Structures are given as C-alpha cells and as structure tokens.
Amino acid sequence: MARINDRHVLLIEDKTYTGKKSGNQLNDYRQAVIDGKTPFKITSEEDLFAIFLKTGNQSLASRLEIERGYPYRVFDRDDFLKVLESYEGDNAIVLDFRQHLTAMNEECQQFHSWEEHKTDNWTREAWQGLFMELEKQLFDVEWLGWDYVPNRGGGFLGLYWWLKGIPEDCSAYLQLEYDKLCFKLDLNDLPNEKRWEWCDRITSQSELAVKPSKMGSGNVVTVAVYEGGWIRFDDRGVLDLKKTVEVLRSAEKILRQAANN
C-alpha cells in the first residue's frame with residue numbers, strides 16, 4: 001500500500017502467475033484499510049483505490065471475475081508496459097523490468113510461428129498466448145475461459161466455451177485439450193444414458209465428429225471428438241490462425257445443430 005498526497009491510499013494486490021485468493025480475502029483487505037486496521041488509519045472509500053496487479057497471463061473470464069465481482073481495477077502487463085514505454089531515463093531496475101515484461105509478451109506471441117512438426121517449441125506461455133487470441137476470435141459465446149485442468153493423467157491447459165443460441169437446459173460445450181477438440185457433456189443431474197444420446201446426436205451431424213476412443217464414467221465426459229484435431233497450418237507448415245478459427249467455427253455449428261435437433 002501507499003499513501004498519495006497525504007490523502008489517497010493505493011491498495012495493490014500484486015499477482016504474477018496466480019489468481020485471486022480464495023474466499024472473500026480481496027474484499028477483506030479493502031475493508032481493513034477503510035476501517036483503519038493499517039498504519040494509514042481510517043480511509044474513506046472515495047480516497048481508496050484498489051488495484052489488482054496482474055503481470056502474468058490471465059484469461060478474460062478471470063479478469064472479468066475481478067472487475068465485476070470486486071471493487072478492484074485490474075492493471076495488467078499491457079497496462080504496465082504502456083507506462084514503462086514512456087520512460088526515457090536510465091534507471092537499470094526500470095529498464096530491466098520493462099525488458100522482462102516485453103520478453104513475456106514476445107514469448108506469448110510465439111504461437112504465430114509454430115511449425116507443424118516442431119511441437120517441442122510449443123511452450124505453455126505460447127499456448128496461453130494462443131488462447132488469449134482465441135478469446136478475441138470466439139466472440140459469439142455464452143461463456144469462455146481457459147486454465148489448467150487437473151485430471152488423473154497429469155492435467156492439461158484447456159480452453160472451454162458454451163455457445164449462444166442453444167437451449168438453456170443444454171449442458172454440452174466445447175473444450176480444447178491442447179491439440180484435441182472435444183465435445184463435452186456435464187451430466188450434473190442427468191441420467192448416465194444421456195452420454196450415449198449426446199454422442200449419437202453430435203456424431204450424426206457430421207463425419208468430422210467421431211466417437212471418443214473411450215467413454216468416461218465421470219460427471220463431465222467427452223461424448224465426441226473433432227476428427228483430425230483443430231490446429232491448421234499453411235503451405236509452409238506454419239500455424240494458420242484463420243483456418244484454425246474456421247475449424248472451431250465448424251465445431252460450434254455441429255454442436256449447435258445437435259443441441260437444437
């Protein structure tokens with residue numbers, strides 16, 4: 001925290017790779033400042049500026065959760081760089097930190113140069129960069145998010161989204177599991193037979209939607225898989241973002257048809 005002009009208090013929740021704390025801790029921190037439980041004594045809400053500083057990668061859903069659910073303003077890496085890029089001094093700490101943030105951005109953008117047969121260079125940061133780009137491309141969705149998804153096999157970085165224009169009681173959605181595109185079903189209170197019904201409904205819409213090699217037994221299951229994966233490459237063997245998005249659009253169309261039939 002810092003006091004500005006003997007009046008305003010700047011409360012900063014500093015995050016890099018982690019998200020918000022569990023429970024109501026963000027609001028508790030802010031209320032503690034207002035109630036005078038810090039060296040700055042009692043502070044009015046009008047004089048308190050709460051910042052959620054996030055220099056690591058984050059999904060749009062995570063950002064909106066903070067901005068809509070808490071009285072904090074998210075200040076991310078791009079915001080920080082806009083400030084630092086205007087710096088014309090020679091302070092080594094400032095210059096090193098600016099270069100560090102710039103390098104983080106560059107690593108996230110490396111997906112643009114992914115080559116088809118060199119998957120060892122597909123870093124976690126580049127996957128996150130690709131998912132952040134897809135957030136901008138897949139705009140006609142009910143909800144979209146990406147994060148680490150734990151499972152018995154060790155987990156994966158996944159992107160998942162629910163579509164607009166389908167019945168409200170539809171519990172099917174799409175999920176990217178690295179290079180695999182899955183049609184998922186959240187059974188919730190549905191009977192187990194629904195997994196086979198949805199498998200048939202989806203695979204009957206297109207030959208591109210095929211049955212999974214194994215039908216899971218959990219509450220959330222993969223009921224169909226998009227044949228051939230979802231990432232597409234151009235004639236040079238480099239990632240083709242436009243064609244990749246077209247594949248995702250075609251999967252959306254399959255699910256939408258299955259949900260409305």
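**Entry 1: D79.** I started with D79, which, leaving aside its neighbours within four places in sequence, is in contact with R63, R73 and V74 (contact means heavy atoms within 4.5 Å). D79 is found in helix α3; helices (H or I, at least four residues) and strands (E, at least two) are DSSP runs numbered from the N terminus. Is D79 buried or exposed? D79 counts as buried because its relative accessibility is 14%, where buried means under 20% relative accessible area, exposed over 50% and partly exposed in between, with a 1.4 Å probe and protein chains only.

**Entry 2: ground rules.** I reminded myself that this is a predicted model, in which local features need pLDDT of at least 70, side-chain atom pairs count only at pLDDT 80 or more, and totals for chains, interfaces and linings use all residues. Residues are numbered from 1 along each chain as its sequence is written, and side-chain values use heavy atoms, with hydrogens and water left out.

**Entry 3: the start of the chain.** Next I followed β1 (residues 2–4), which pairs with β2 in the antiparallel sense over 3 bridges; two strands pair if DSSP finds at least two bridges between them. A2 has L10 in β2 as its bridge partner. The hairpin of β1 and β2 has 3 residues between the strands, and N5 there takes a positive phi near 55°. With β3, β2 runs parallel, joined by 7 bridges, and D14 stands opposite L53 in β3. In a regular strand the side chains alternate between the two faces of the sheet. For β2 (residues 8–15) I wrote down V9, L11, E13 and K15 on the covered face, and H8, L10, I12 and D14 on the uncovered one.

**Entry 4: the open sheet.** I then traced an open sheet of 6 strands, with antiparallel pairing and the order β5-β6-β7-β8-β10-β9. Its edge strands, β5 and β9 (209–210), each pair on one side only. Inside the sheet, β6 (residues 156–163) and β7 share 4 bridges in the antiparallel sense, and L159 has L176 in β7 as its bridge partner.

**Entry 5: the largest pocket.** How much space lies in the largest pocket? I got about 660 Å³. On a 1 Å grid over the protein atoms alone, a pocket is an open set of points where a 1.4 Å probe fits, with protein on both sides within 12 Å along at least five of seven lines, and lining residues have an atom within 4 Å of a point. The volume is the space filled by probe spheres set on the points, which are joined across faces, edges and corners. Of the 21 lining residues, N151, K184, G216, V220 and T222 lie nearest the centre. β7 (172–177), β8 (180–186) and β10 (220–226) each supply at least two residues of the lining.

**Entry 6: the whole chain.** The C-alpha trace spans about 70 × 45 × 35 Å along its principal axes. Of the 261 residues, 42% are buried.
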